[in-house]
Structure formats: structure tokens, C-alpha cells
Amino acid sequence: MIITEALSPQEFEQALRAKGAFYHIHHPYHIAMHNGDATREQIQGWVVNRFYYQTNIPLKDAAIMSNCPDPATRRKWVQRILDHDGSNGQEGGIEAWLQLGEAVGLDREVLLSEKLVLPGVRFAVDAYVNFARRANWQEAACSSLTELFAPQIHQSRLDSWPQHYPWIKEEGYFYFRSRLSQANRDVEHGLALALEVFTTAEQQNRMLEILQFKLDILWTLLDAMTMAYALQRPPYHTVTDQVSWHSTRLV
Ligand SMILES: O=C(O)c1cc(C(=O)O)c2c(n1)C(=O)C(=O)c1cc(C(=O)O)[nH]c1-2
């Protein structure tokens, strides 16, 4: 969709929400997990790779704040970092994701080592962080708006996983439950900002393109996991059955 005349805030919100058609909830890897068709290895692969996304979200949010001269926005935005890192003696989302790892049978050291993070996942997540470093803060802030569609995906996991995967321990579900309200609050702020800032047709087209970029990142994560854990074609599979790709943060 190319916007030729500036949309009203209501119309622009509709255009942003319409992008939900491309959310990773529709990716075959995600559909398989939802329908109970994923193997234990596929669930574990998803958890261990998605951990890289989780640990980079606070870096991304700190990058946005570092470019934002507005104290009122920073005061609100910092909550996103605290949600993941924890505050006031409470653990945050990263710890909850480590618990999810343990609940699916992965030692936290395996997640923390990042050695199983597939290159495609790493590159896609790094692209998100680097975009946040370079873009102006309003554009970077609004790239988080895929979260418009996130409460539904967290809820769908809570609804379907316990019946399909009885081997996943109950403590694993805390992360998804906690994100339901956090994502809604994030979206309220992000959406208000997008509707206020992107008012010309040119700006609105660019914002839709940015949202698509973010959707592409999420989709690409699952493409990389499909190659490795569904099609059994991880990187270098024609050369070795060992993990040989780089496993440290180089950027
Ligand atoms: O599990 C998911 O499908 C999913 C998707 C997204 C998203 O849409 O970007 C986020 C999260 N989870 C999430 O847990 C999270 O903390 C988060 C932060 C952001 C962001 O862009 O700032 N997206 C997401």
C-alpha cells in the first residue's frame, strides 16, 4: 500500500494494524508450535535463539534513549529496559526467559553462552539494534510497534502449549503472562507517538516501511530456525555436523 494523501490518525492506525497480516504468528514454524506439531528440539531451538532477541531489546531501547533529547519520553521509555532487566529487587524478563529455558530442558548456561544462536538470527537481531542506533529516535521508537500484535501471540502460546507440550514446566509460562500487560502499555505509548509524529503521506509511507522492516526481522528469525531445526539444514550441514558458526558478539 502506497499512501498518496496524508491519512487521518484513525486511518493511519488502521494501516499500521493491517500490517498484522505479516506478523510471525503466521510463519509455518510458529503455526507448527501452536498446533502441537513442533518437536522438543524445535521448541528448544526457538527458546535458545529467541533469547538473543530478548537480551538485545534493552540494548535497542538504550540506543533509542541515547538519541532522544526529550526527558518526558526517556522517563517513560526507561521502563522498557527495567521490564527486561528487573528493578527494585524484582527479576525482569531476561530472567523469566532463562526460566523458560529451564522449563524446556535447557541449562541457563547454554542460553547465556549464545553459542547456539544461528547466524541468521544474530544478523537479523543485530540489524534491529543497529537501526535503533542510527535512526532518529521517533522512527526507532515506533519500530517497536510490532508489539501491537504481540499480546495475541503470547496469549496463543498460553492457550495452546500446555495441552500440546505437557513436558514443559509451568514456570516457563511466566514470561508470556507478564508480557501481556507490558506489551499493551508499550503499544499505547508507541502508537500515540506514531500518530502524533507521522502526519504527512511521505512520513506515513516511511513508517509503514519501517514496520515492515521489523516484521521482516521477526520472520527471518523463524526462517533461520526452519532451516536448522525443521529441514535439518543448519549452517555448514554439508561440511560438518558440529556447530561451527561464530558464537560471540563481534559488533
Ligand atoms: O514473542 C513474541 O512473539 C514477541 C514479539 C515481539 C515483537 O513483536 O517485536 C516482542 C516480544 N515478543 C517481546 O517479548 C518483547 O519484549 C518485545 C520488545 C519488542 C520491541 O520491539 O521493543 N518487541 C517484542
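Student: Leaving aside neighbours within four places in sequence, which residues is His-27 in contact with?

Tutor: In this predicted model, His-27 is in contact with Trp-219, Leu-222, Asp-223 and Thr-226, once its neighbours within four places in sequence are set aside. Contact here means heavy atoms within 4.5 Å.

Student: Where is His-27 found, and why does His-27 count as buried?

Tutor: His-27 is in the loop between helix 1 and helix 2 (28-35). Its relative accessibility is 2%, and buried means under 20%. His-27 therefore counts as buried.

Student: What makes helix 5 largely enclosed by the rest of the structure?

Tutor: Helix 5 covers residues 93-103, and nine of its 11 residues are buried, so the rest of the structure largely encloses this helix. The buried ones are Gly-93, Ile-94, Glu-95, Ala-96, Trp-97, Leu-98, Leu-100, Gly-101 and Ala-103.

Student: What covers the buried residues of helix 5?

Tutor: The cover includes helix 3, helix 4 (71-85), helix 6 (108-113) and helix 10 (174-197). After helix 5 comes Gly-105, which has a positive phi, near 95°.

Student: How many aromatic pairs does the structure hold, and why is the pair of Tyr-165 and Trp-167 called edge-to-face?

Tutor: The structure holds 12 aromatic pairs. For Tyr-165 and Trp-167, the ring centres are 6.2 Å apart and the planes stand at 75°. Rings pair if their centres lie within 6.5 Å, and planes over 60 degrees apart count as edge-to-face. The two rings pass both tests, so the pair is edge-to-face.

Student: Which residues do ring pairs link into a cluster?

Tutor: The cluster consists of Trp-46, Trp-97, Trp-161, Tyr-165, Trp-167, Tyr-175 and Phe-176. One of its members, Trp-97, is among the buried residues of helix 5.

Student: How many cavities of 30 Å³ or more does the structure hold, and what makes such a space a cavity rather than a pocket?

Tutor: There is one cavity of 30 Å³ or more. A 1.4 Å probe fits in a cavity but cannot get out, whereas a pocket is open. The largest cavity has a volume of about 280 Å³. It is lined by 23 residues, and those closest to its centre are Arg-50, Tyr-53, Ile-57, Glu-147 and Arg-179.

Student: Which helix gives the most to the lining of the largest cavity, and how do the lining residues divide?

Tutor: Helix 3 gives the most, with six residues. Helix 3, helix 4, helix 9 (150-164), helix 10 and helix 11 each supply at least two. The lining of this cavity comprises eight nonpolar, six polar and nine charged residues.

Student: What lines the largest pocket?

Tutor: The largest pocket holds about 250 Å³ of space. Of its 17 lining residues, Glu-41, Leu-116, Tyr-229, Val-243 and Trp-245 lie nearest the centre. Helix 3 (40-66) and helix 11 (201-230) each supply at least two of the lining residues, and the largest share, four residues, comes from helix 3. The lining divides into 10 nonpolar, five polar and two charged residues.

Student: Which residues line the second largest pocket?

Tutor: They are Met-1, Ile-2, Ala-15, Ala-18, Lys-19, Phe-22, Asn-205, Leu-208 and Glu-209. Here the largest share, three residues, comes from helix 11. The space amounts to about 180 Å³. Six of the lining residues are nonpolar, one is polar and two are charged. Lys and Glu count as charged, so Lys-19 and Glu-209 are the two charged residues.

Student: Where does UniProt place the domain feature?

Tutor: An unreviewed UniProt entry places "domain: Thiaminase-2/PQQC" at residues 14-223. In the model, that span is 74% helix and 0% strand, with its end C-alpha atoms 28 Å apart.

Terms used
Residues are numbered from 1 along each chain as its sequence is written. This is a predicted model: local features need pLDDT of at least 70, side-chain atom pairs count only at pLDDT 80 or more; totals for chains, interfaces and linings use all residues. Side-chain values use heavy atoms; hydrogens and water are left out. On a 1 Å grid over the protein atoms alone, a cavity is a set of points where a 1.4 Å probe fits but cannot get out, and a pocket is an open set with protein on both sides within 12 Å along at least five of seven lines; lining residues have an atom within 4 Å of a point. Grid points are joined across faces, edges and corners, and a volume is the space filled by probe spheres set on the points. Buried means under 20% relative accessible area, exposed over 50%, partly exposed in between (1.4 Å probe, protein chains only). UniProt positions are given in the numbering used here, feature names are shortened, and annotations may be inferred rather than shown by experiment. Rings of Phe, Tyr and Trp (its six-membered ring) pair if their centres lie within 6.5 Å; planes under 30 degrees apart count as stacked, over 60 as edge-to-face and the rest as tilted.
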